[in-house]
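Thank you all for coming; I would like to walk you slowly through one model today. Please keep the picture in view while I talk.

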Amino acid sequence: MRETHEAGAATGHDVLVTTPSFGQHASGPWEVFEAAGVRARTASAAHPLTERQLIEEAEGVRALVVGLDPVTAAVLDAAPALTVVAKHGVGTDNIDLAAAAAHGVRVVNAPGSNTTAVADMTMALLLAAVRRIVPAHASVTAGRWDRFFGPELAGRTLGIVGFGRIGQAVARRARGFDMDLIAYDPHLPAAVFAEQGVPAVTLDELIEAADVITLHLPMPSGGPLLGRAELAAMKPGSCVINTARGGLVDEEALAELLHSGHLAAAGIDVFATEPPAGNPLLTAPNAVLTPHCAAFTQQANAAMGSTVAADVVRVLRGEEPVNAVV
């Protein structure tokens, strides 16, 4: 029961889906709603909706399926019928979890659904960045035959910042390239690192030792995790990969250090502001930039959508969700 309506016309619909990637490559997520007799509609405004647009479109709905849209206290105040907010993905930093709890609104997500996709993309960005695949391609298509040198990954140290599902999946892939591994995650017990056979280090130790730093943490509350000082402290000729959140890295400092040559390359899928118009990384050398699409595989899209749709149905039925955040 997938319908598209104008803003403010949500009356009679149980679910408002704001993210265009929901069920984009798989019918399964929509079929979960249909089988349950749940009426769902897509948003009329382009994703991500602003707070005001979300307030207007969420009137009367009982459930939201969102991407990067800001689900604020004001949105929750304006949607008294709302019982559940589902993040079409994993990170919930765009949802005011405290306000949701105060309103009695459940928040669910899809942990693990995009692990393989993001881990694959991390390695793709790393290889493209250090082996300069993009300029090599441009050279050939322009009728030139320029040669581009870059380092091998074997024997290089990969510093994994954030050692949850995705960080561990990246570690497994990096082992196949004979990379040395270290990891930092202040939220995990020592046993997790021991089980994975990856040494746990402090962030300062990781920055000092790593030839490549890859980021797999949620958005920090106190500013970039890799600020100007941390980036400057990285090894000369090292590389940064970010498939997590744009705010984890000082983008201006990263661009400057790429221009200066202190950092050799970067692979960036996420930006502090998206799309990144005017971002200094757009003109930085040896930066491979992609449009926040690390999770965009057919398999991840199907799993992510079906997972959150099933939990939305559970909450609407008065049942306990499987993947509750709040």
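Predicted model: local features only at pLDDT ≥ 70, side-chain atom pairs only at ≥ 80, totals over all residues.

Across which strands does helix H7 lie, and at about what angle does it run to S7? Helix H7 (residues 165-175) lies across strand S7 (157-161), S8 and S9, and it runs at about 170° to S7. Contact here means heavy atoms within 4.5 Å, while axes are lines fitted to C-alpha atoms, for helices over the stretch in contact, with angles from 0 to 180 degrees between N-to-C directions. Helices (H or I, at least four residues) and strands (E, at least two) are DSSP runs, numbered from the N terminus.

Residues are numbered from 1 along each chain as its sequence is written, and side-chain values use heavy atoms, with hydrogens and water left out.

Now to the sheet. Six strands make up an open sheet, in the order S8-S7-S9-S10-S11-S12, with parallel pairing; two strands pair if DSSP finds at least two bridges between them. Strand S8 (180-184) and strand S12 (287-289) stand at the edges with a single partner strand each, so one side of each has no neighbour in the sheet. On average, neighbouring strands of this sheet are turned by 15° against each other, direction ignored. Strand S9 (residues 212-215) is joined by four bridges to strand S10 (residues 238-242), and these two run parallel; Thr214, for instance, has Ile241 in S10 as its bridge partner.

Next, a few details of the backbone. Most residues other than glycine have a negative phi, and most peptide bonds are trans. Asp178, in the loop between H7 and S8, has a positive phi near 60°. The peptide bond from His47 to Pro48 is cis, with omega near -5°, and Pro48 belongs to the loop between strand S3 (40-42) and helix H2 (51-57). Another cis peptide bond joins Glu274 and Pro275, with omega about -5°, and Pro275 sits in the loop between S11 and S12.

Finally, the annotations, which may be inferred rather than shown by experiment. In an unreviewed entry, UniProt gives residues 47-325 as "domain: D-isomer specific 2-hydroxyacid dehydrogenase catalytic", a span that is 37% helix and 14% strand, with its end C-alpha atoms 23 Å apart. UniProt also lists residues 123-294, again in an unreviewed entry, as "domain: D-isomer specific 2-hydroxyacid dehydrogenase NAD-binding"; over these residues the chain is 33% helix and 16% strand, and the end C-alpha atoms are 11 Å apart.
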